[in-house]
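I opened the model to go through its sheets, a salt bridge and a pocket. My entries follow in the order in which I looked things up.

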Amino acid sequence: MTAQELRKKFLDFFKSKGHTIIPSASLIPKETDPSVLFTTAGMHPLIPYLLGDDHPGGDKVVNIQKCVRTVDIDEVGDNRHLTFFEMMGNWSFGDYFKKEAIEWSFEFLTGKKWLGLNPKRIYPTVFKGDGDIPRDKETIKIWEDVFNKAGIKTDVAQEDTVVKSNTHIIPLGTEDNFWIASSTGPCGPDTEMFYDTRPGEGGLNDTFENLVNSGRLIEIWNNVFIEFNKTADGEYKKLSQQNVDTGMGLERTLAVINEKETVFETELLQPIFKKIEELSGTKYQEQTTSYQIIGDHIKAATFIIADGIAPSNTDQGYVLRRLIRRAVRYGKTLGIENNFTKQIAEVVIEMYKIHYPELEEVKNVISDELEAEENRFREVIADGLKKMKKLTDTKDSISSEVYSKIMQVQDKKEIFRKIYKEKDSAGEINKFGITTPEVLKATVTGHEAFDLYQTYGFPIEMIVELAQEQKLFVDIEDFDKESKKHQDLSRTASVGKFKGGLADAGEETAELHTATHLLLAALREVLNEEIYQKGSNITAERLRFDFNYPEKLTDEQKKQVENLVNEKIKENIPVEMEEMSKDEALKITKVSFDSSKYGDVVKVYKIGNFSTEACGGPHAKSTGELGHFKIKKEESSSAGVRRIKAILG
């Protein structure tokens, strides 16, 4: 079965059950959800409807959502973890609940018209209860009935979670079978469906954890029964409506259907690996980990850029930078010395453009951003790796056996705090057969790590990874302190407490902030009144401004915008600022703003009758200070969003 056939079957099945098909949301969550950097599950864009809002598609919907999970970056290379993946999901907003959700899941998995999987190889987990939240007896009973109707005798696993011949239902705790998207919000118990990928090895007779870790059982579907809303103070309040939120990983399911041992053997990654073989002159089977990291990371980077993010040192931009740079480093291990990431992205776009047409629409932006970031990193990577080697050569590595034992400890932070901060010569570390001085000699300090980060652009995760290859530790806590100290210095400099070049850069930034206000007002006048800011990035040299518009600007339109901005500059209009309440600001600003981003008091900048906007940035005293405004580039940023890069001369 191909990926496209699987997508179609899933959507067709739930359409036949009365669900409305809806499109995938952006990978970048709405600004109203600051708790997550990326859309990590299909439920994120649907939270308002799980809380009771009416969905335009009705109370039953289905879609295939593109997702990015940053916690899985370091797991890439095993048989199932990916950074970017597609999640097939069906939802009920107060319509059906546990019984229908489970029965339909079983029907889709085992029905000959659908996936046709062997029902005897399905092993669901359920919530065993924890504290104030009781055992999910209802779900256990539904699964017993489902298996009974299929003629399968089933037992429920005991506390030891040992799965034997007739054991099909495994109760687990909060960590495994109670789901919440972030720290607060809609949540509830779930049931996850696992599939036996190697029945040829005989009957199951091991703990559930061992069977999963060995890859014998692999999760393919998760049905979440959203009954509660977790409040900020930790209370679980019963929702007025009971909801269903399911997630079925496309890549994992495709691997299972086609009896592939790993997700990396499917059509969704093999074409990328063929391109890497072509670029490197090596073979996938020879260096699978490097191939898998490169393929996964550049695919994720391609989709992230398509949704409007550029590499940077903060938030989503930092994750994107980390993905690209980690891929480049592993490309180097394959002998790829020239830029290659945009060529991988071309393969990704070709594979996915039918289902995600926005990739084709912004392929030039994707190519440009990858090329620029790769150039930046290649300028320093060779020197950085030499510096790292020189640094690690001064350290004393620990034996593989002892190092492995220490790295398996769950609460490593407490052990290392005693070693690094208290210089504890006895304590916890001794039980591993190693002394505190030996650990200190095997540690990259926070200062050393920060120097690599600041000078060579090595993300801290890469430094840790390189250290681990040499059986060395990194003092992360000390690195965080060094990083915070640097941020404080940067913040002080930005408010003018340091003189010289930094002060000059601040003046240029203020002028570009003011130019951005003029640009938005000009776009609204030349194009239409429905133009809004979708993103902005200002450096000392240029401004970058994203706005909603469905098509490329003509040369005439760009000229009109330029002329209008320069006309207002020549008029030398005073830039007036007034502080007022958010409510007052919303009444008088010409362009609406996201009030959740501001405090109770808002700064409103007025440029004559041409522009009135709320803004927290620095500004010029009058437009005459700006010089000459010039648009350097106009391009697509993401689907339905255009980007202008401009300078002041």
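This is a predicted model: local features need pLDDT of at least 70, side-chain atom pairs count only at pLDDT 80 or more; totals for chains, interfaces and linings use all residues.

Entry 1: I looked up the order and found 17-18-19, an open sheet with antiparallel pairing. Strand 17 (575-581) and strand 19 (611-614) are the edge strands; each has a single partner, so one side of each has no neighbour in the sheet. On average, neighbouring strands here are turned by 25 degrees against each other, direction ignored. I then checked the pair of strand 17 and strand 18 (residues 601-607), which is antiparallel and runs over 7 bridges. Within strand 18, Lys606 is the residue that stands opposite Glu576.

**Entry 2: the sheet of 4 strands.** This sheet is also open and antiparallel, and I read its order as 15-16-21-20. Its edges are strand 15 (533-538) and strand 20 (629-638); with a single partner strand each, they have one side left without a neighbour in the sheet. Strand 20 pairs with strand 21 (residues 641-648) in the antiparallel sense, over 8 bridges. I picked out Phe629, whose bridge partner in strand 21 is Leu648. I also looked for what lies across these two strands and found helix 13 (residues 363-393), running at about 110 degrees to strand 20.

**Entry 3: salt bridges.** I counted through the structure and got 44 salt bridges. One that I looked at joins the side chains of Glu358 and Lys66, at 2.4 Å from N to O. Glu358 belongs to helix 12 (residues 358-361) and Lys66 to strand 2 (residues 60-68), so this pair ties together parts 292 residues apart in sequence.

**Entry 4: the second largest pocket.** I noted a volume of about 1500 Å³ for the second largest pocket. Which residues lie nearest its centre? They are Arg69, His81, Glu192, Glu219 and Arg252, out of 46 lining residues. Elements giving two or more residues to the lining include strand 3 (84-93), strand 9 (185-196), helix 6 (208-213), strand 12 (236-249) and helix 7 (250-257). Strand 11 (217-230) is also among them, and strand 11 gives the most, with 7 residues. I sorted the lining by class and had 20 nonpolar, 14 polar and 12 charged residues.

Technical notes. Residues are numbered from 1 along each chain as its sequence is written. Side-chain values use heavy atoms; hydrogens and water are left out. On a 1 Å grid over the protein atoms alone, a cavity is a set of points where a 1.4 Å probe fits but cannot get out, and a pocket is an open set with protein on both sides within 12 Å along at least five of seven lines; lining residues have an atom within 4 Å of a point. Grid points are joined across faces, edges and corners, and a volume is the space filled by probe spheres set on the points. Ala, Val, Leu, Ile, Met, Phe, Trp, Tyr, Cys and Pro count as nonpolar, Asp, Glu, Lys and Arg as charged, and the others, Gly among them, as polar. Two strands pair if DSSP finds at least two bridges between them. Contact means heavy atoms within 4.5 Å. Axes are lines fitted to C-alpha atoms, for helices over the stretch in contact, and angles run from 0 to 180 degrees between N-to-C directions. A salt bridge is a side-chain nitrogen of Lys or Arg within 4 Å of a carboxyl oxygen of Asp or Glu.
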